[in-house]
Amino acid sequence: MGYGEDGVAHLFTRALDQIEGQSLAGTEDASLPFWAPDGRSLGFFAQRRLKRIDLDGGPPRTLAEVADARGGSWGRDSTIVFAPNPGDGLYRIPANGGTPAVVTRLDASHAESSHRWPAFLPDGQTVLYLALSGERERYGVQGVSLASPQPRALFAADSGALWLDG
């Protein structure tokens, strides 16, 4: 992500052997980009929408409406999990579009106020995310399986977690 000559945020790509990047048309006001596992598409948020763009061409496609997004992650089975606004849980949607479905709900009994910054684990079914809570001991990273969405508190944290293969 960067700013074009017009001062507006855009998504850019560049070959590793080149210095100059190329702005991706239709990605004005883009934020919070995330890669498809095959590296051929990007998910991002712009104009209060979750969008995707394929790097082999074509305009971005709108997948869902969002209020004030707090991150997304693209799984190996072409599922995108995203946080549509700071006062809600996580949702999932097919990467080609469809109806968003609830993945997590805020737990009022623990004063949860937000689930954000989802990140798929390599199994393609488990998603890590940051749960914000009025109970300091519940403020941290949780995990949820898309196969049986029962969240599990993992560790205390002030930011989301990422998995990096290496």
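These are my notebook entries on a predicted protein model.

**Entry 1: overall form**

I began with the secondary structure and found zero helices and 16 strands. I then looked up the radius of gyration, which is 16 Å, close to the 15 Å that the globule rule gives for 166 residues, so the protein is as compact as a globular protein of that length. Along the principal axes, I noted that the C-alpha trace spans about 50 × 30 × 30 Å. I also recorded the share of buried residues, which is 42% of the 166 residues.

**Entry 2: salt bridges**

How many salt bridges does the structure hold? I found five, and I looked up some of them in turn.

I started from D54. The side chain of D54 meets that of R52 in a salt bridge, at 2.5 Å from N to O. D54 also forms a salt bridge with R61, where the N to O distance is 2.9 Å. I therefore wrote down R52, D54 and R61 as linked in a network of salt bridges.

Is D54 buried or exposed? Its relative accessible area is 19%, and the cut-off for buried is under 20%, so D54 counts as buried. R52 is buried as well. R61, by contrast, is partly exposed, because its relative accessibility is 33%.

I looked up one further pair, D68 and R70. Their side chains meet in a salt bridge of 3.1 Å, N to O.

**Entry 3: a patch of negative charge**

Next I turned to the surface. Which residues gather there in a patch of negative charge? I listed E5, D6, E28 and D29.

E5 is found in the loop between β1 (2-3) and β2 (9-10). E5 counts as exposed because its relative accessibility is 89%, and the cut-off for exposed is over 50%. D29 lies in another stretch, the loop between β4 (22-23) and β5 (31-35). With a relative accessible area of 46%, D29 is partly exposed.

**Entry 4: positive phi angles**

While I was at D29, I checked its backbone. Phi of D29 is near 65°, a positive value in a residue other than glycine.

Where is Q47 placed? I found Q47 in the loop between β6 (41-46) and β7 (49-54). Q47 counts as partly exposed because its relative accessibility is 35%.

**Entry 5: a buried loop residue**

Last, I looked up G71. The place of G71 is in the loop between β8 (61-65) and β9 (72-74).

Conventions: Residues numbered from 1 in each chain as written. Predicted model: local features only at pLDDT ≥ 70, side-chain atom pairs only at ≥ 80, totals over all residues. Heavy atoms only, no water. Patch = residues over 30% accessible without salt bridge, like charges linked within 9 Å, V, L, I, M, F, W, Y side chains within 5 Å. Areas by Shrake-Rupley, 256 points an atom, 1.4 Å probe, with all protein chains shown as cover. Salt bridge = Lys/Arg side-chain N within 4 Å of Asp/Glu carboxyl O. Lys, Arg positive; Asp, Glu negative; His and termini not counted. Charge placed at Lys NZ, Arg CZ, Asp CG, Glu CD. Helix = DSSP H or I, 4+ residues; strand = E, 2+ residues; numbered from the N terminus. Buried < 20%, exposed > 50% of the residue type's maximum accessible area, 1.4 Å probe, protein only. Rg over C-alpha atoms; globule rule 2.2 N^0.38 Å.
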